[in-house]
Amino acid sequence: MAITSANQLELLQTAEAVAREKMIDPGLVVEAMEESLARAAKSRYGSEMDIRVSIDRKTGRATFTRVRTVVEDEELENYQAEMTVEQAKQYLENPAVGDTFVEEVPPVEMGRIAAQSAKQVILQKVREAERDRQFEEFQDRAGTIINGVVKREEYGNVIVDVGRGEGMLRRNEKIGRESYRNGDRIRCYIKDVRRETRGPQIFLSRTAPEFMAELFKMEVPEIYDGIIEIKAVARDPGSRAKIAVISYDGSIDPVGACVGMRGSRVQAVVNELQGEKIDIIPWNEDIPTFLVNALQPAEVSKVVLDEDAERIEVVVPDEQLSLAIGRRGQNVRLASQLTGLDIDIMTEEEESARRQKEFEERTQLFMDTLDLDEFFAQLLVAEGFTNLEEVAYVEVDELLVIDGVDEDTAGELQTRAREHLEAQAKKALENARELGAEDSLIEFDGLTPQMIEVLAKDGVKTLEDFATCADWELAGGWTTIDGERHKDDGLLEPFDMSLEEAQHLVMTARVLLGWVDPTELEAEAGDDEELESPQEEQA
């Protein structure tokens, strides 16, 4: 095929037809044609030559040019596409390294093999452009619901025709035991879109919590308009779900709006989710209140929140225990997902037994250490004293409120408590020194002898050792692995050390050792205060 005036316009017409069919830029098709013609020319003139082709976008005329680049003498490798500064002087005025000399060469005739190769190049370019267009289109639609038609099923995965592409609904993203036949209409959530060599991969889901949120957004105009917000969703796909909502308009009930007239709105979502039962819960900033709502339909007697550990204890009446836990732990599991907290559920009887045990342990502690009779020790515990430190260093007035305690008795109690604590500290310090604890650690302000003893047992014997510790190694923390929270025990956790205290002690040790510039530390502290102050004002 020769590039003659008769078929110059045909090139542009072909490019426009292909671009229109594939819905891509005609310029990309023309570029592919230029590349294919350049390949054909190289096979005619020599593969080492730098042959380039330019097609006029108006006339369709193809111009073939040979390009030679000026390089350093020692870098000259390809004589067909490069030349030295000296060689370039016969073509260019004052040539310099990097300049190019362009000369037009006669057009080539494309043989059968060259034409076939050109066709493959054009098709490949068109495919790549089509994939890029598909990826950009569906990437913008990620996080939304799409309607499609089932094409086929492969090993339990459903391939869905979603218009200008194909999506995959994996087996584990289907609800329960859903089965589909070819041609069935299906509604899915676009979970992820990835660019891969074989084209954009569109991953669909019907089990994602976001799918339910998007369904409610479609059914409830107040959610779409932003008057009601979905704060959290937890699902056991195909069985049960909980959704927490809040209204920013005092005149609109968020739960009622989501339920709809005679349950019409929520029923539309339930039908789409194969009969999944949905509990719609009013969201509340107060976590214990929100949790009480989340555990519906069970009634809650008491809630104890441990914010540091992100755990919460819930006490329910004995007859409500099975309802609170739910079938196979479903109700408490969904409530935990909704609140983001680990929930321990116990009955009133179990809580009473635990409190009784703690009462007996503290009573025995005071009897053994303060040489008190059982009745007097029980009085101390009943007044809220939990350990020796509280008895030793509390204001005397707090001891005088106990029946039968006068100033002399209060003074004696505090003296005994302090003597016992001092004896414990002395013993702990002796043990720490025997374990190899050095003065640099013992004299460091902020650590008690008992803490130093525990650290020495774990091999932390110098201030340098202490300064290399992480805050969570000292105070403990939580790690999430595969969606499950695991407890990391801290060395000083038994002494009620918080992460903030541990971090402060470690940074102080690093400053003393000269590892950290104290001015930088002060600047960071100032930044933290600036960040915290707006929150404090809001609180």
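In which hand of crossing, left-handed or right-handed, does H12 pass H13?

Modeller: In this predicted model, H12 passes H13 in a right-handed crossing. Helix H12 covers residues 348–370 and helix H13 residues 374–382, and the two pack with their axes 8 Å apart at an angle of about 125 degrees. Angles of 65 to 115 degrees count as roughly perpendicular and those over 145 as roughly antiparallel, so H12 is oblique to H13. On the H12 side, the contact is formed by Phe359, Arg362, Thr363, Phe366, Met367 and Leu370. These residues meet Glu374, Ala377, Gln378, Leu380, Val381 and Ala382 of H13. By class, the residues of this contact comprise 8 nonpolar, 2 polar and 2 charged.

As to the interior, nonpolar side chains in soluble globular proteins tend to be buried together. The largest nonpolar core here has 25 residues, of which Met212, Phe216, Ile230, Ile243, Leu273, Ile278 and Ile280 touch the most other members. Two or more residues each come from helices H5 (209–219), H7 (254–259) and H8 (264–272), and from strands S10 (228–236), S11 (240–247) and S12 (277–282). H5 gives the most, with 5 residues.

Terms used
Residues are numbered from 1 along each chain as its sequence is written. This is a predicted model: local features need pLDDT of at least 70, side-chain atom pairs count only at pLDDT 80 or more; totals for chains, interfaces and linings use all residues. Side-chain values use heavy atoms; hydrogens and water are left out. Axes are lines fitted to C-alpha atoms, for helices over the stretch in contact, and angles run from 0 to 180 degrees between N-to-C directions. Helices (H or I, at least four residues) and strands (E, at least two) are DSSP runs, numbered from the N terminus. Angles under 35 degrees count as roughly parallel, over 145 as roughly antiparallel, 65 to 115 as roughly perpendicular and the rest as oblique. A crossing is left-handed if the near helix is turned anticlockwise from the far one by less than a right angle, and right-handed if clockwise. Contact means heavy atoms within 4.5 Å. Ala, Val, Leu, Ile, Met, Phe, Trp, Tyr, Cys and Pro count as nonpolar, Asp, Glu, Lys and Arg as charged, and the others, Gly among them, as polar. A nonpolar core is a set of buried Ala, Val, Leu, Ile, Met, Phe, Trp, Tyr and Cys residues joined through side-chain atoms within 4.5 Å. Buried means under 20% relative accessible area, exposed over 50%, partly exposed in between (1.4 Å probe, protein chains only).
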